Amino acid sequence: MQRGCVKDVMAATAPLIEVESLSKSFGAVRALQDMALAGYAGKVHAVMGENGAGKSTLMKLLSGVFRPDSGSIRLRGAEMAFHHPRDAQKAGISTIFQEFSLLPNLSVAENLFLGRERQDGRRLGAAEIRRRTREALAALDLRIDPDWRVGSLSVGHQQMVEIAKGVLADASVFIFDEPTAALASHEVETLFALIRRLAGNGKVIFYISHRLSEIFAICDDITIMKDGRFVRTVATAETDVDEVIQGMVGRPIEELFEPRAETLGPVLLKAESLVGEEAPKPLSLEIRAGEIVGIAGLEGQGQQELMRLIAGFAPARGGALTLADRRIEGLSARRRMATGIGFVPENRKDDGLFLSLDIGANMATAEIARRRLFGWVPAMDARTAEIMRQLAVKAPDARTPVVDLSGGNQQKVVLGRWLMAGARVLLCEEPTRGVDVGAKREIYRQLRNFAGQGRGVLVTSRELPELIGLCDRLLVIRNGELVAETMAREATEDDLLRSALPVVESEAA
Amino acid sequence: MSALPAEPRRAGLLARFRQDAFWYRQRGAVLSFAVLAAMLALAAAVVPGTFYSATNLSNLAGQLAPLFLVSLGQTFVLLGAGFDLSVGAVISLSSAILTLDLADPIKIPLAFAAAATVGLVNGWGCVHLRVHPIIMTLATSSIVQGLALILLPTPGGAAPGLLVQLASGTFMGLPAGFYWIVAGTAAAIWLVHGTTYGVRLYATGQNPQAAWMSGIEAPRIRILTYVISSLMAALAGAYLTGRLASGDPNVGSALGLDSVLGAALGGTLLSGGVGGPIGTIAGVLIIGVLNNGLNLAGVSPYYQFVVKGSMLVLAVSLFRRKEAGL
């Protein structure tokens, strides 16, 4: 209600903050070109685009982290030049970064007044800082002791403290960069209520997120970016999900997935009553050549334990695991990989890649690990180049450090590693986590190609539509047990969710 | 609006250490003081008459003053997630400068100016050239030690009369070293706990990038830690020179690593942002009481090295961050 009124009043007025023909390059990469954006008081404005579309660059220009090459940022009609994040904060732009800029070893009060312990030329006493912190927290309905260490608070509370920082600074523009990425669902509701309240008080909110449902739940306007350029700004009420995705990707959503396998080969990998220390319930499954099998389930139902038991990171305590007629349950992870199991971990950067090494070295690791210690390194340049071409890795050559690649391209490097090592079955945890829509499509295509060459893929994912679209067959895991099996072409999100929910709840529903 | 539930106030003293920001940062100090108390009690039991004699305690204060000063300086650097290996060489350089054939009003400021310059170079190299602190200060340590030996190839020279007076004898029944300790400690505690520099230092040491994004001049804060450390080293050099009444180009060599030992034993983490000068008091006293007690108990001084090294490993493994990302 409140928002509606403000909207009508403000519709005719000038924007509070306006960005015009803003450009920024990093070396040869043009991160942002001719960007335009206008924020009106009292409105929540979504900024959308694939990873690498330039959203973060734009927000970092607005918050003074980077300086623009050209173009202008105007706040209430006055041209701004930020040389330091402090300049933007003083001008009234408060950014809640994806990775919090809070200091976990400091108290809430110390964090809120960091760098602003002096006001009007005098130093604020500890008591006054504490009092004003309490006021700012109370204004947000937060019951937190100002003396508490920020690192001891929940993620949701930490984010609220970030917002309190903006409230305290009397900011007029709030930028939220993927604010819900780390929040639990009840925390998301609190955050939304808070955002609505800030908008109700006439603040401008820029909201960056990949989650379309959130955008449609909370935003008044949507600005779409692609390749560092402005695409269009639309009112949320006058558009829908498909149109927004099309604007971001340039193609409709159905085209994300490749056609499923038409014929399947013999069974490649077979687990029979496999038991491990962390997976005490016997697990049985089969993967055929050419097949992509998905594991669906609520978070933390034993997906990771299952994958790691098959990969061999946890020793088997019973049961059998067969890879193309060879019993492998007694082998170490290293030996299993040598016989043809590939593993793509969920946490790409920590567990999957050597960020400081180049593409070639990252792709070579699995192949080299199969060989003797102190053996000659085989010539792999031609093979690396071939795989890079096959996977369409966007990089000048194999000497490019992996740290410089986008999430999607990094994922391709991990995939390439197993192509190079000749893996026959790929265990893939959350293959598209943290990559944008365009790169998702690429990854789906590569996984399908991988399976198409007579190999098998086992995938876990939190996103049901992704599993349904990508896989041939789905297994549902609940509390460490595989409880349901369905062909992906007949699967619906409803049915999968019903099997995935704990028994008591699903009976009640 | 649907408010988040209040963060529960956790019960118990231990939980308080985890939740309250101040006590979280000082938790190492609490442990160190407990260890120190145990050692003092042990000394009372094993070598009561000799340890708690006025002569011994007075000697102890005199011996410990330089280590106190450099450890406090080192504490600043460690809090800022740096490392200063050059303090030993800076002590030696200031000793060499202070015994040059110059007038006192010239050479005393000169010694401190030289130390400040070394600190600036250290900080500038670590922060702006992004050289790893260990490499940077190892390099300057070599340069500075070389300069000290060039200026004063062999021990000798005359110390400024003022320093000889300030560093020897007793005042109101207490040894001179005691006053140096009190002055240095008070200054360090005031800087860390009484000024905005302190909060900014904790922030910068924890995460320079986040501190910068919060509007803090993180590079300057870090450079300043090296300057403070070098100035404290110069102060230690001044004390030693006055106490010996002559110069020695190698007088600081043992103190470089011991300064890290004192700070680390006091609960200051080498990863930055946790600890502080209060803990360093306990850390230095632990080293002092240990050396002194072992001496009095008739243990060979060579064992002291073994014990010190073992304690460092123990302390660092006890104090290390238990929570990921904190």
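**Chatting through the model**

Colleague: Where does Glu178(A) lie?

Modeller: Glu178(A) sits in the loop that runs between strand 9 and helix 7 of chain A. Keep in mind that this is a predicted model.

Colleague: What about its backbone? What is phi of Glu178(A) near?

Modeller: Phi of Glu178(A) is near 50°. That is a positive value in a residue other than glycine. Most residues other than glycine have a negative phi.

Colleague: Is Glu178(A) buried, exposed or partly exposed?

Modeller: Glu178(A) counts as partly exposed, because it has 17 C-beta neighbours inside 10 Å.

Colleague: Which other residue is found in the loop between strand 9 and helix 7 of chain A?

Modeller: Ala184(A) is one of them. Ala184(A) counts as partly exposed because it has 13 C-beta neighbours inside 10 Å.

Colleague: In which sense do strand 6 and strand 9 of chain A pair?

Modeller: They pair in the parallel sense, over four bridges. For instance, Ser94(A) has Phe174(A) in strand 9 of chain A as its bridge partner.

Colleague: New topic. How do helix 15 and helix 16 of chain A pack?

Modeller: Helix 15 (residues 407-420) and helix 16 (residues 437-452) of chain A pack at an angle of about 15°, with axes 9 Å apart. That angle makes helix 15 of chain A roughly parallel to helix 16 of chain A. The crossing is right-handed.

Colleague: Which residues meet there?

Modeller: Helix 15 of chain A brings Gly407(A), Gly408(A), Gln411(A), Lys412(A) and Leu415(A). Helix 16 of chain A brings Ala439(A), Glu442(A), Ile443(A) and Gln446(A). The residues of this contact divide into three nonpolar, four polar and two charged.

Colleague: Where is Glu430(A) found?

Modeller: Glu430(A) is in the loop between strand 19 (425-429) and helix 16 of chain A. Its phi is near 45°, a positive value in a residue other than glycine. With 20 C-beta neighbours inside 10 Å, Glu430(A) counts as buried.

Colleague: Last one. How many residues of chain B are in contact with chain A?

Modeller: 31 residues of chain B are in contact with 34 residues of chain A. Helices 1, 2, 11 and 12 of chain B each give two or more residues to the chain B side. Helix 11 of chain B has the largest share, five residues. That side of chain B divides into 17 nonpolar, nine polar and five charged residues.

Note on methods
Residues are numbered from 1 along each chain as its sequence is written. Chains are lettered from A and ligands numbered from 1 in the order in which they are written. This is a predicted model: local features need pLDDT of at least 70, side-chain atom pairs count only at pLDDT 80 or more; totals for chains, interfaces and linings use all residues. Two residues are in contact if their C-beta atoms, placed from the backbone, lie within 7 Å. Ala, Val, Leu, Ile, Met, Phe, Trp, Tyr, Cys and Pro count as nonpolar, Asp, Glu, Lys and Arg as charged, and the others, Gly among them, as polar. Axes are lines fitted to C-alpha atoms, for helices over the stretch in contact, and angles run from 0 to 180 degrees between N-to-C directions. Angles under 35 degrees count as roughly parallel, over 145 as roughly antiparallel, 65 to 115 as roughly perpendicular and the rest as oblique. A crossing is left-handed if the near helix is turned anticlockwise from the far one by less than a right angle, and right-handed if clockwise. A residue is buried if 20 or more other C-beta atoms lie within 10 Å of its own, exposed if 12 or fewer, and partly exposed in between; C-beta atoms are placed from the backbone. Two strands pair if DSSP finds at least two bridges between them.
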